[in-house]
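Student: I have a new structure to read and would like to go through it feature by feature.
Tutor: Then let us look at it together.

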Amino acid sequence: MTRHQPNLTAEKIVGGVATDTRHDSAHKHVTGEAVYIDDMAEPAGTLHACLGLSTVAHGKIIGMDLTAVRAAPGVVEVLTGHDVPGENDISPSGRHDEPILATEKVEFFGQPIFAVIAETREAARRACAKAKVTYEELPFVTDVGALDPASDKLVTEPLTLKRGEAAEAIAAAPRRLKGSMRIGGQDHFYLEGHIAMAVPGEDDDVTVYSSTQHPSEVQHMVAHALGTSSHSVTVEIRRMGGGFGGKETQGNQFAAIAAIAAKKLKRAVKIRPDRDDDMIATGKRHDFLVDYEVGFDEAGNILGVDYLYAARCGFSSDLSGPVTDRALFHCDNAYFLPAVKAVSAPLYTNTVSNTAFRGFGGPQGMVGMERVIDEVAFATGLDPLDVRKRNFYGTDERNVTPYHQTVEDNILDRIVGELEKSADYAGRREAIAAFNAGSKIIKRGIALTPVKFGISFTATHFNQAGALVHVYTDGSVHLNHGGTEMGQGLYVKVAQVVAEEFQIDASNVKITATTTGKVPNTSATAASSGTDLNGMAAQNAARQIKDRLTAFAAEKYDLPAEQIVFLPNRVRIGNQEIPFGDLVKQAYMARIQLSAAGFYKTPKIHWDRDAGSGRPFYYYAYGAACAEVSIDTLTGEYMVDRVDILHETGRSLNRAIDIGQIEGGFIQGMGWLTTEELVWDDRGRLRTHAPSTYKIPLASDRPKIFNVTLADWVENDEETVHKSKAVGEPPFMLGMSVLHALSDAVASVADHRICPRLDAPATPERVLMAVERLKREASS
């Protein structure tokens, strides 16, 4: 933000909390002025690295002839796993199951096995192709459908959630059914791919510029790889061109390789894989195979559910344990289940190790639950929305989750009720029925789906944050915290919080790059907790300084503290008002400390994984979406005609930023459930590794009518920063409405008598196959 002279008579500061302040880098994004790592001036003599990838899905490395690689033009060094000076491992789970560079065995097609360091990026890429590697190929598996969760290898311990006796409830229910659903994965497809640049320093020091959501973890991983201590490694990131969870752990490998090469060669080293290698070698959203059995009555009341969530985790544990845990935490979505048992199966496969992605397993858990709702609706002949509302969590009763947390802030009835009315769900359903009756080829569908998403890291120790605030003698403020900016607007929101505390215009708060050298031991910017944690930490730091200024002024002017009032860009001291900067100067002259380190830890939360019980979430975020689609029953092609969203973010810190997150989250969720398909061939190769084969939503795929509304009547019941709520992940799950609208349209070809059981992603091919299947079943 550009600093301007403060208005000393203003009634309100510019850019404070609850104002639609633009993203601090918005103008830079659209003009190309925003500096990303690849835009930074390279130190003289910078080298470039490229990864050499395996060409089998599973096998022992018999020989690796890199002679031609080393002799290639421009090559300075070739690294293998044996050249790692410290520990050849970047496993975030501590299981030591993810080598930086594989040495004896490869476990997926595209696993990095060596790295070329050359004078140019092009020279490094060309040299990689000259390697001659021989393997003893081993059997491999890429599909969890071919595995048995009871006997096949898991990458981490499974979780069981249980409340009541599900088997007995299902057996005693008037009606019951069972089925399974495939839920596909998703590539992060961030605009800026992975990148790291390491600059060696003296002794053991190295500075790493890494496109990462978790600078502290990169710091630790680089230190382990170098065989040094964390204090020798500084990691810095000003902004990422998208992250979505894909840069929570996956940046470790690139940072470690750049740092190892930089320290060995005493020259800066940069690594930026091309899009194909990035997609092949880095993890994705976990795809799941969900088995379910449900007992219910004729009124659509669910009486018991038994789930098995089997996940394709890849070859190592990465974050699959907490991801599959969170899938179970959200297997209820918005619904009270009187008796429930849910079991995870984090299965080993010979694919890249899957990782965090917006929602962190929660979306897959919810999609499984919404399939159960659809099954019950079709079995009873009820409108799916009626079944949804009938099974919503209550307030004073029917309010305990499968993990034994009481839902204390439930606003589902009001959110869904308001959207149902504003979107004219009932009227449009009637109109759609009439249209379908007269349309042979084009069929329409509609669905309204809710979201209840838990906010907090389920690993309790991650729910902490630090911040550093300096006030300079001219009244300007320097802000640093452990959160990272990936386009979501975290930096500007935290700056607004600090501006609000000091009552100065936000342009007087300097946003600075996240660095481990200023705020240590930070948590990843993930779990939708970035503002909750870092905003509170920054507020704490600002309040420490503000309290010192208040105490100083009270003593200097011999007044009670109550008569020191911070007004917009000025301070009232008794009967006089002075500019904020003047008070700061006076405090400096009196040797008052004008810097503070803030800290925050989320209260109330606790979790006993062995018991499957606790309070893993501080609060819940709620929303709902109503989607209408049209499908072509001859081709399976479809359009999203209209979407209405009502979502809540508590007392919004910045409505403009929040609405942008809701719109973007919805589109990304819709893409996951419709067009984004990951395909592996019979050799274990990922075939969808470029924009030509992997289809994210285009601008033309957005709903033709797109109405997004913030519920402005909500305040967080918990003590969050200015009573706001998280907004990063919850809107993603609003995309479920499109999947169920497509299912509704498909069901119309059989007069809504058969559940389409439409798996995700619901590509046009899958929609067409479902249409043809329902036609056959209806006529048989």
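Student: How many salt bridges are there between domain 1 and domain 3?
Tutor: A salt bridge is a side-chain nitrogen of Lys or Arg within 4 Å of a carboxyl oxygen of Asp or Glu. Between domain 1 and domain 3 the count is zero. Note that this is a predicted model, in which local features need pLDDT of at least 70 and side-chain atom pairs count only at pLDDT 80 or more, while totals for chains, interfaces and linings use all residues. Residues are numbered from 1 along each chain as its sequence is written, and side-chain values use heavy atoms, with hydrogens and water left out.

Student: How many residues of domain 1 and domain 3 are in contact?
Tutor: Contact means heavy atoms within 4.5 Å. By that rule, 19 residues of domain 1 touch 18 residues of domain 3.

Student: What is the area buried between domain 1 and domain 3?
Tutor: Buried area is the accessible area (1.4 Å probe) that two parts lose on being put together, summed over both. For domain 1 and domain 3 it is about 1300 Å², with 52% given by carbon and sulfur atoms.

Student: Which elements give two or more residues to the side of domain 1 that touches domain 3?
Tutor: Helices (H or I, at least four residues) and strands (E, at least two) are DSSP runs, numbered from the N terminus. The elements in question are helix 5 (215-226) and strand 11 (233-237). Strand 11 gives the most, with five residues.

Student: How many salt bridges does a search of the whole structure find?
Tutor: The search finds 43.

Student: Which peptide bond is cis?
Tutor: The bond from Ala760 to Pro761 is cis, with omega near 5°. Pro761 lies in the loop between helix 17 (736-747) and helix 18 (764-779).

Student: What is the phi of Asp424?
Tutor: Asp424 has a positive phi of about 55°, although it is not a glycine. Asp424 sits in the loop between helix 11 (412-422) and helix 12 (425-438).
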